[in-house]
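I opened the model to look up a few things and kept notes as I went. The entries follow in the order I made them.

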Amino acid sequence: MDGARGAGRALAALLLAASVLSAALLAPGGSPEHGAEAAPPRADLDKKRHVELKMDQALLLIHNELHGTNLTVYWNSERCYHCSFQVLVNVSWSGKPGKASTAAVAVSTQHGSILQLNDTVEEKEVCRLEYKFGEFGNYSLLVKHVHNGVNEIACDVVVNKNPIDSNLRLTVADLVFPWFVFIMGSSIFLSMTSILQRGCSKLKLMGKIGWRSFLLICIGMFIVNPNYCLGPLSWDKVRIPGVLQRLGVTYFVVAVLELIFAKPVPESCASERSCFSLRDIIFSWPQWLFILMLEGIWLGLTFFLPVPGCPTGYLGPGGIGDLGKYPNCTGGAAGYIDRLLLGDDHIYQHPSSAVLYHTEVAYDPEGILGTINSIVMAFLGVQAGKILLYYKDQTKDILIRFTAWCCFLGLISIALTKISENEGFIPINKNLWSISYVTTLSSFAFFILLILYPIVDVKGLWTGTPFFYPGMNSILVYVGHEVFENYFPFQWKLGDNQSHKEHLTQNIVASALWVLIAYILYKKKVFWKI
């Protein structure tokens, strides 16, 4: 048991390290989940040369030197898959031959931009170009005739002022939640086995599981939920799904499943021929059957449930995605089920898809259908826990199985995604918690266990400090962060709200404070358990 706990602590430490890094480095504007990848304003800025830039924006001056031609400039992000172009600005002819008219506009710098210039009257494309603007840079787009024997129009970008290098962002935030679900699954099996070995009855343990799940859901709905600011209860607008709610449901299903089919862990039998090499899987065939059935339900609902006004099996973001054909189909079946069963007012109102795809319907990334795949991921974590106990003190066998699971899940991801961001059968999608997202993140989780198990458990080179301390009070740290994130000393008024460095400093301080709080609580032996 000590070896299993050590490896579990190792992965937990890494997950918490990722949490701290994501909190510190994903400052506002640093991630599509929270950032400002919005289409630039549509207002005609011909008469307004000064534009106040925000974080992740650059200034673009568009010079129209075409005689007698008014231009309409359209914009799109290279990350916006199959999106219709949005009007950026109109640049009319100056009315004087040889004199250019100029429009100033702010453009996004988070991803590459696609600019298309059309003749406003004829609606004919004049030119199109792709360019990656730098933050707080100053650029000019020169549109003019080129007299080289052929009457051509040139569109050239000139750098007037170099951008600021503020590429401080990471995307580890997309890894924290699923990896926490994974390690929760490992912890379920390790702790449950230990409790049953001490003689606790299954009925009593079932009661504890139910109560813990109920508390997680209640904390998520009534303490972490931001709608408490609307007044007492405020049930008409309360968000029902959420991070802790999903953890509560996932924990309940996986823990009950393991409890019902719990079997004594076999003793080490490295030298006995009677031992099954796949006993960690074979002994769990009823659980696997249930998990495969659940995944079949997810696949069936996702790809075959008729959704009014949407193509069957739609996985897109809606809004301006898919050239604006399905504006109200955000999330496909997943979004439809949430809106149907929970109602628009009880799910997340500001999904990340609204930033890039301009969606207008509510969508909850912690919704009902995605919870099925979080259960699958937690069960894969259970599998990791079983490897640690079933092959206790057999380091080589443990590492072989971690490698096998890493490769197996990775190959499934390759097959589902075709090694493509959007063109696969089931693309990796965090908001949908698609099965490819689960297999990919689980593959990486097994890989990390493969690296950390010999470092932490076998060699004892690292104990997980300092991230071990927040792990001992993970729920308290998470709830505390959610409740007090807008209060001093975790947040304060910045001198320059558009500075990445100031946001970075603020988030590092806040993360360090929570690690310090967790350390003090650990030393005083104060642990918040539910």
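How many of the residues of strand 4 are buried? I noted first that I am reading a predicted model. For strand 4, residues 101-108, I found eight of its eight residues buried, so I cite the cut-off here: buried is under 20% relative accessible area.

I then took the two faces of strand 4 in turn. On one side I listed Ser-101, Ala-103, Val-105 and Val-107, and on the other Thr-102, Ala-104, Ala-106 and Ser-108; all are buried, and both faces are covered.

Next entry: the partner of strand 4. I found that strand 1, residues 57-64, pairs with strand 4 in the antiparallel sense, over eight bridges.

I moved on to helix 9, residues 368-390.

Then I went through charged pairs. Side chains of opposite charge can pair when their charged atoms come close. I recorded eight salt bridges in the structure.

One of them joins Glu-125 and Arg-128, with the closest N and O atoms 4.0 Å apart. Glu-125 has a relative accessible area of 42% and is partly exposed. Arg-128, at 47%, is partly exposed as well.

Another joins Asp-364 and Arg-239, at 2.7 Å from N to O. Which parts of the chain does this pair tie together? I placed Asp-364 in the loop between helix 8 (353-357) and helix 9, and Arg-239 in the loop between helix 3 (202-224) and helix 4 (243-260), so the pair ties together parts 125 residues apart in sequence. Asp-364 and Arg-239 are both buried.

Arg-239 also meets Glu-366 in a salt bridge, at 2.8 Å from N to O. I placed Glu-366 in the loop between helix 8 and helix 9, 127 residues from Arg-239, and this pair too links distant parts of the chain. I found both Arg-239 and Glu-366 buried.

Last entry: I put these pairs together. Through shared partners, the salt bridges join Arg-239, Asp-364 and Glu-366 into one network.

How values were computed. Residues are numbered from 1 along each chain as its sequence is written. This is a predicted model: local features need pLDDT of at least 70, side-chain atom pairs count only at pLDDT 80 or more; totals for chains, interfaces and linings use all residues. Side-chain values use heavy atoms; hydrogens and water are left out. Buried means under 20% relative accessible area, exposed over 50%, partly exposed in between (1.4 Å probe, protein chains only). Helices (H or I, at least four residues) and strands (E, at least two) are DSSP runs, numbered from the N terminus. Two strands pair if DSSP finds at least two bridges between them. A salt bridge is a side-chain nitrogen of Lys or Arg within 4 Å of a carboxyl oxygen of Asp or Glu.
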